[in-house]
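Hi,

Here is the structure I promised to pass on. Have a look at it first, and then read on for what turned up.

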Amino acid sequence: MAPMQLHWDIFCRVIDNYGDIGVCWRLARQLANEHGKEVRLWLDDLNSLQPLCPDVNVLLAEQLCQGVKIFHWTANTAVDRVAEVIIEGFACELPHAYQHAMAQVTPQPTWINLDYLTAESWAESCHGMASPHPSLPLVKYFFFPGFSPASGGLLRERNLLAERDQLMAGIDRNDALDISLFCYGSAPVGKLLDVLTDSDTEIRLHVAPGKPLAAVIAHLGGDAPWQCGHLSVLPFDFLPQDNFDRLLWRCDINFIRGEDSFVRAQWAGQPFVWQIYPQEEEAHLVKLSAFLGCYTQGLSTAATNAAVNLFKAWNSATDLRQAWSDFLLARPEIIKHNRRWATQLANNPDLTNALVKFCEAKV
Ligand code: TRH
């Protein structure tokens, strides 16, 4: 007998940046490699996946990569058969013909909308909610990632933390600080560079390509690498996704952004500073406060203030100098806290596992 729900289709439309495909790609790989699922990833923009996975050939309409069948999803794409489980990444809207084909299948396929990550309490109450299709005999379920057992959890590969611990055990620590920088163009990168330049200790700032590097160039001018006092500014080439994880593990402080690198920084267990994806009318600041509210539980008042003030300064371009020095003072406590936080999160089922179980229960 064929295993239950063997065939999964994941649809992903890239809005901007790398977060949509970053999440869908991790999910697709984990479903295939850890759960033995036959996964087809329907992606509208292969160019956005290629930097994360250099094996991808952007010219191919169809290819097998790391256990996942990747299809270039265009307006003309005809999907030959319906899978047992269909994941709509971030409400990207499935092709209408595919929806009609789904409606013909018995038993009904399981249709999931994988939503964005937020610590806001409404997401927990919407997690798992059913939404009947307005005209077809289909039901779509909302699956919300999150930080609590009442949510869908976070993407975490089976051996991720063990691999992290193994790599970290072999690293010699010294007084120099390694910091990674991955942010949007709106981050106060110039202010950060000024503050870091005044450091008494050696700092190596590892700068991601794209917007972070552009902001550095705009502030420092000239060519990389830069030396400013004890600060070395070192651009890196875009890393394949698993290597990016390892960079975050090795760095002492990670400036990360969006959704997927934000989660990865939490698995790294190192201090991190999050630049949230900016939304209209500053709606993202509510989301930021919700996260800070749950993440800082258990920190002393001083360390809570240090983390909150630096996150706010980084997102609103205010008072970065004071916030940075308070954060460095609180760093020993934040290091211990972030290790505990990663362990606490890892006590929840990982998102892929939770999703597989959720879908099985719908059959
Ligand atoms: O690229 P992002 O800003 O993506 C955003 C967010 O997901 C946001 O919520 C969403 O609405 C918007 O896209 C459309 O940041 P994020 O989520 O951290 O994704 C970056 C991905 O890029 C992540 O999977 C890590 C990966 N990455 C690498 O693999 N190598 C690298 O060298 C770098 C810098 C990133």
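Two strands pair if DSSP finds at least two bridges between them. With that in mind, and remembering that this is a predicted model, take strand E9 (residues 177-181) and strand E13 (residues 253-257): they run in the parallel sense and are joined over three bridges. In one of those, Ile179 has Ile253 of E13 as its bridge partner.

Both strands belong to an open sheet of six, ordered E11-E12-E10-E9-E13-E14, and the pairing across the sheet is mixed. At the edges are E11 (226-228) and E14 (272-275); each has a single partner strand, so one side of each is left without a neighbour in the sheet. From one strand to the next, the twist averages 15 degrees.

Then there's helix H6 (residues 189-197), which packs on this sheet. H6 touches E9, E10 (203-207), E11, E12 (231-235) and E13, and its direction makes about 140 degrees with that of E12.

As for the chain as a whole, it comes to 13 helices and 14 strands. The radius of gyration is 21 Å, which agrees with the value near 21 Å for a compact globule of 363 residues. Along the principal axes, the C-alpha atoms fill a box of roughly 65 × 45 × 45 Å.

On burial, 52% of the 363 residues count as buried. The chain exposes about 16100 Å², with carbon and sulfur atoms supplying 53% of that. And among contacts with a separation of 6 or more, 71% come from residues 24 or more positions apart.

Cheers

Terms used: Residues are numbered from 1 along each chain as its sequence is written. This is a predicted model: local features need pLDDT of at least 70, side-chain atom pairs count only at pLDDT 80 or more; totals for chains, interfaces and linings use all residues. Side-chain values use heavy atoms; hydrogens and water are left out. Helices (H or I, at least four residues) and strands (E, at least two) are DSSP runs, numbered from the N terminus. Axes are lines fitted to C-alpha atoms, for helices over the stretch in contact, and angles run from 0 to 180 degrees between N-to-C directions. Contact means heavy atoms within 4.5 Å. The radius of gyration is taken over C-alpha atoms; the globule rule is 2.2 Å times the number of residues to the power 0.38. Buried means under 20% relative accessible area, exposed over 50%, partly exposed in between (1.4 Å probe, protein chains only). Accessible areas come from the Shrake-Rupley method with a 1.4 Å probe; for residues, only the protein chains shown count as cover.
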